[in-house]
Amino acid sequence: MTQTGWNFDNSYARLPNKLFSTIDLSPVQSPELVILNESLAKSLGLDPEVLQSEEGVSVFAGNNTPEGSQPIAQAYAGHQFGHFTMLGDGRAMLVGEQITPDGERFDIQLKGSGRTPYSRGGDGRAALGPMLREHIISEAMHALGIPTTRSLAVVTTGEPVIRETELPGAILTRVAASHLRVGTFEFIANWGTEEELRALADYAIERHYSEIKKDENRYLSLLQEVIKRQASLVAKWQQIGFIHGVMNTDNVTISGETIDYGPCAFMDTYDPETVFSSIDVRGRYMYANQPPITAWNLARFAETLIPLIHDNQEKAIELAENEISRFGDLYRDFWLSGMRAKLGIFNEEPEDETLIGDLHKLMKEHEADFTNTFRAFTFDKLEDANLFKAEEFTQWHKRWQDRLGKQQESKEESQQLMQDNNPAVIPRNHRVEEALEAAVERGDYSEMEKLLDVLSNPYAHTPDQEEYCTLPPDSDRPYVTYCGT
Ligand code: AMP
Ligand code: MG
């Protein structure tokens, strides 16, 4: 172990060579630490003091690697907007796998660390704004209780990156249960041997699903488990109004963590057709499509496993299809139980699905703010919003109250359940933009730090969160997000 607490293993680098490339460091001019996630550092067994020293920062900048690190870029493929392509870490470097004091294993990856054999035409670099944005949103997701990769640090490089204009360069240190993706399996299924595919599948099982290791058909179990985690994940996104924006198969993890915070954003006004991403012109990844797209992505995963599932291909396809066909029900169950909690409902009644569906219809019709509607329910403060003034809503509200009457739990218990499931604050787009502007344009990180603090406890419902609950001023322009910038 190093003085900082780095304690690396490199199990991925022991997989078949095809799956990665060893890379040389691409040092940057004058790295400066702009954010350090101290609590995450501590939970990884790292010393925040040492991380802030020149030596610590040089690791975040990719200028130096700690003892025990074996820097690689990972190979992967992916279906991007439905089209199959060869990809790989074009601007990322896996520094190593940190073994924490609790014996857990996390990938430590630099994003924006320079060119790799997979960079194609790209410069391998990243701009400060998008890296800070990833830091804010991934940390907010974590605090909201949604499985996600995390951000340990952001450093500026002291070098410009050329996009439409010249922007300050930065590198983010991403922490993940692993960076195994559906696209990793697609890569090896297309360009590897069956032995290599098996090695990858066994590795994924060992790393994320060791409880299925001894199952009769462990590869079918792997498919089942990934389907389950992804169904649970996308249900959580829907319940919080999160729109990922670029649900390509290379952005779907085997661990079930949310990954790749490019064009993502949270929805204010409830509208199932919401799309923020500038490149998603057909709305493939709109809010309402996230569950069916997850199923589509999982079908791509299932295809890669066919040779492992059964010697008889037809039988293997039948088994895999059978699992994929279960996604709809699994998702529905996760979604229903999450929505019941948002409405303070503990038990199950057949009428629940209609009750919840009808609420969504009313929210759409009356352009209700997604987060604030549930927040108002939680504190029984049905003021201001158009939705609450509507006659149909009064009828719906009575149905809901009658429904709450059909459970044993008290009003207080119901309210507590709602409070634990309906956040006071989400990273509202206008707030994120304000904080980014102050940081990137003026080097003022105070707004961002305050925002991060408020977002770190979204279910607290404290008075200092009030000002972060307000909606953006009316604007003619819809909010637009950008990919891979
Ligand atoms: P993303 O949209 O960030 O998931 O990136 C898709 C693919 O493009 C991945 O293979 C990335 O590594 C690669 N990529 C994105 N930005 C860059 C860049 N600036 N330089 C090189 N490769 C990049
Ligand atoms: Mg990606």
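Predicted model: local features only at pLDDT ≥ 70, side-chain atom pairs only at ≥ 80, totals over all residues.

Reply: Let's start with helix α10 (residues 327-342) and helix α11 (residues 352-365), which pack at an angle of about 75°. Their axes are 11 Å apart. Angles from 65 to 115 degrees count as roughly perpendicular, so α10 and α11 are roughly perpendicular to each other.

Now for the residues that do the touching. From α10 come R332, W335, L336, M339 and R340, and they meet D352, E353, I356 and H360 in α11. Sorted by type, the residues of this contact are 4 nonpolar, 4 charged and 1 polar.

Let's step back to the chain around this spot. It is divided into domain 1 (8-176) and domain 2 (182-335). The C-alpha centres of domain 1 and domain 2 lie 23 Å apart, and 35 residues of domain 1 are in contact with 39 residues of domain 2.

The largest nonpolar core has 117 residues, and F185, L222 and F377 touch the most other members. Helix α7 (residues 218-240) gives this core its largest share, 12 residues. Domain 1 and domain 2 each supply at least three residues to this core. Take L222 as an example: leaving aside neighbours within four places in sequence, L222 is in contact with F185, A201, I205, Y209, I212, F301 and L305. Apart from that core lies another one, of 23 residues, including A126, I136, A140 and L451.

Methods. Residues numbered from 1 in each chain as written. Chains lettered and ligands numbered in written order. Heavy atoms only, no water. Axes fitted to C-alpha atoms, helices over the stretch in contact; angles between N-to-C directions. Helix = DSSP H or I, 4+ residues; strand = E, 2+ residues; numbered from the N terminus. Parallel < 35°, antiparallel > 145°, perpendicular 65-115°, else oblique. Contact = heavy atoms within 4.5 Å. Nonpolar A, V, L, I, M, F, W, Y, C, P; charged D, E, K, R; others polar. Core = buried A, V, L, I, M, F, W, Y, C linked by side-chain atoms within 4.5 Å. Buried < 20%, exposed > 50% of the residue type's maximum accessible area, 1.4 Å probe, protein only. Domains from an automatic or database assignment.
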